[in-house]
Amino acid sequence: MLKVTQDPAVISFGGGLPAAELFPVEDVSAAQDRVMKTRGAAALQYSVTDGIPELRTWVAERLRTHQGLEVDGDDVVITGGSQQGLDLYARVFLDPGDVVALENPSYLGAIQAFDAFEPSYLAIESDASGMIPAALAAALERAAPLPKFLYIVPNYENPTGNTLVAERRPQIVDICARYGVPILEDDPYGEIAFDGPPPPALLSHGAKGAVTYLGTGSKMVAPGLRVAWMVIPDHDLRDKIVTAKQGADLHSCSYAQYVFHAYVEDEPRLAAHLARVRAAYKLRRDAMIDALQREMPSHVHWNAPAGGMFLWATVGAGIDTEELFERAVRDAVVFVPGRPFYPSRDRGDGMRLNFSAMPEERIAEGIRRLARAVREQDATQP
Ligand SMILES: Cc1ncc(COP(=O)(O)O)c(C=O)c1O
């Protein structure tokens with residue numbers, strides 16, 4: 001797919017890229033100048049494994065003031081992207097043959113990170129309101145062995161764009177507590193909310209240490225900086241994660257941490273930037289939904305995510321989206337077929353459509369092409 005999308009004629013709903021034209025290039029450049037003038041040597045030196053103290057304090061402060069979470073700087077470990085957080089957590093928890101519980105479908109990058117440790121998966125049924133607590137309870141009741149942890153993306157999930165509704169959050173935390181299953185809450189999109197903030201994090205529910213929370217600067221600012229954070233209230237676990245990280249990379253890039261911090265510490269500037277990103281993505285989501293309504297045959301269905309970067313469409317009519325993909329590529333439009341997001345790869349009728357990376361006109365044209373591919377595929381069905 002990456003090869004195909006190098007071609008500028010191809011319209012890609014496939015990647016998971018933030019809008020590059022919205023990156024705060026000048027402000028990050030100014031932040032970098034300030035860092036080099038005032039903290040140049042520290043930014044170029046080795047640093048502590050858990051992250052520079054001012055950034056850990058900023059993370060804790062932001063989670064306290066924006067989400068009302070009781071987080072202390074000591075709970076925070078800075079990582080090279082949330083992707084590293086997924087890897088470190090799996091390293092600490094998983095041995096071959098262990099079980100991981102997750103949503104169905106789930107984030108492919110997490111499945112890839114976990115796959116390195118050869119677990120099997122307990123896929124918990126999800127619907128438009130997120131993971132279904134009764135399905136989780138039934139699965140844990142039957143599970144032998146129990147999963148080592150539950151992985152969940154509660155806000156504007158990748159791939160579906162769905163959000164776990166407020167009332168299910170404490171239920172899921174309680175069910176996991178009953179079976180002694182820790183939770184890994186991955187929240188890269190919570191700040192990209194179109195209609196007000198999402199419900200309180202799972203981290204706000206249950207006993208201290210029940211939930212480890214991942215946040216990232218990738219969607220708030222820019223993924224190229226690779227600055228993200230783990231909140232690990234269980235300090236025994238935190239120490240294990242820090243030891244695993246020491247073995248992996250000694251510490252995350254000092255320079256990127258200082259520059260990121262120098263950019264985000266100006267709260268009004270960050271707020272203005274996030275407001276621009278949210279407004280632009282909301283327009284793009286609306287453009288995609290308008291085009292889907294205009295162009296698609298009636299057997300295609302989609303959702304309207306309240307934030308993030310993706311929506312999820314199901315084609316029905318017996319169409320497998322991997323076959324549809326082959327046809328769409330020939331028409332110079334791509335998406336991600338749904339099958340790999342299901343750990344057991346047993347459903348082929350879904351597709352993930354990214355709406356953040358392109359202006360509205362391109363989105364409309366891409367959906368026109370995709371609808372043509374669907375109609376052509378319809379014509380080949382028995
Ligand atoms: C659900 C989810 N988790 C983690 C990541 C990784 O993000 P990062 O850039 O912080 O490594 C992504 C990126 O798309 C994601 O969608």
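A residue is called buried when its relative accessible area is under 20%, exposed when that area is over 50%, and partly exposed in between, with a 1.4 Å probe and protein chains only. By this rule, buried residues make up 55% of the 382 residues in the protein chain. The model is predicted, so local features need pLDDT of at least 70 and side-chain atom pairs count only at pLDDT 80 or more, while totals for chains, interfaces and linings use all residues. Residues are numbered from 1 along each chain as its sequence is written, and side-chain values use heavy atoms, with hydrogens and water left out.

**Overall build**

The protein chain contains twelve helices and 14 strands, taken as DSSP runs (helices H or I, at least four residues; strands E, at least two) and numbered from the N terminus. Its C-alpha trace spans about 65 × 55 × 35 Å along the principal axes. The radius of gyration of the protein chain, 21 Å, agrees with the value near 21 Å for a compact globule of 382 residues; the radius is taken over C-alpha atoms, and the globule rule is 2.2 Å times the number of residues to the power 0.38. Contact means heavy atoms within 4.5 Å. Of the contacts with a separation of 6 or more, 74% join residues 24 or more positions apart.

The accessible surface comes to about 15600 Å², and carbon and sulfur atoms hold 53% of that area; the areas come from the Shrake-Rupley method with a 1.4 Å probe. There are 37 positive and 51 negative side chains, and the centres of the two sets lie 3 Å apart. Lys and Arg count as positive and Asp and Glu as negative, without His and the chain ends, and each charge is placed at NZ of Lys, CZ of Arg, CG of Asp or CD of Glu.

**Selected residues**

| Residue | Relative accessible area | Class |
|---|---|---|
| Glu295 | 16% | buried |
| Trp229 | 5% | buried |
| Phe260 | 1% | buried |

Glu295 belongs to helix α10 (residues 267-295). Beyond its neighbours within four places in sequence, Glu295 is in contact with Ile367, Arg368, Ala371 and Arg375.

**Aromatic pairs**

Rings of Phe, Tyr and Trp (its six-membered ring) pair if their centres lie within 6.5 Å; planes under 30 degrees apart are stacked, over 60 edge-to-face and the rest tilted. The count comes to 13 aromatic pairs. In one of them, the ring centres of Trp229 and Phe260 are 6.0 Å apart and the planes stand at 50°, so the pair is tilted. Because Trp229 lies in strand β9 (residues 228-231) and Phe260 in helix α9 (residues 254-264), the pair ties together parts that are 31 residues apart in sequence. Ring pairs also link Tyr89, Phe93, Phe114, Phe149 and Tyr151 into a cluster.
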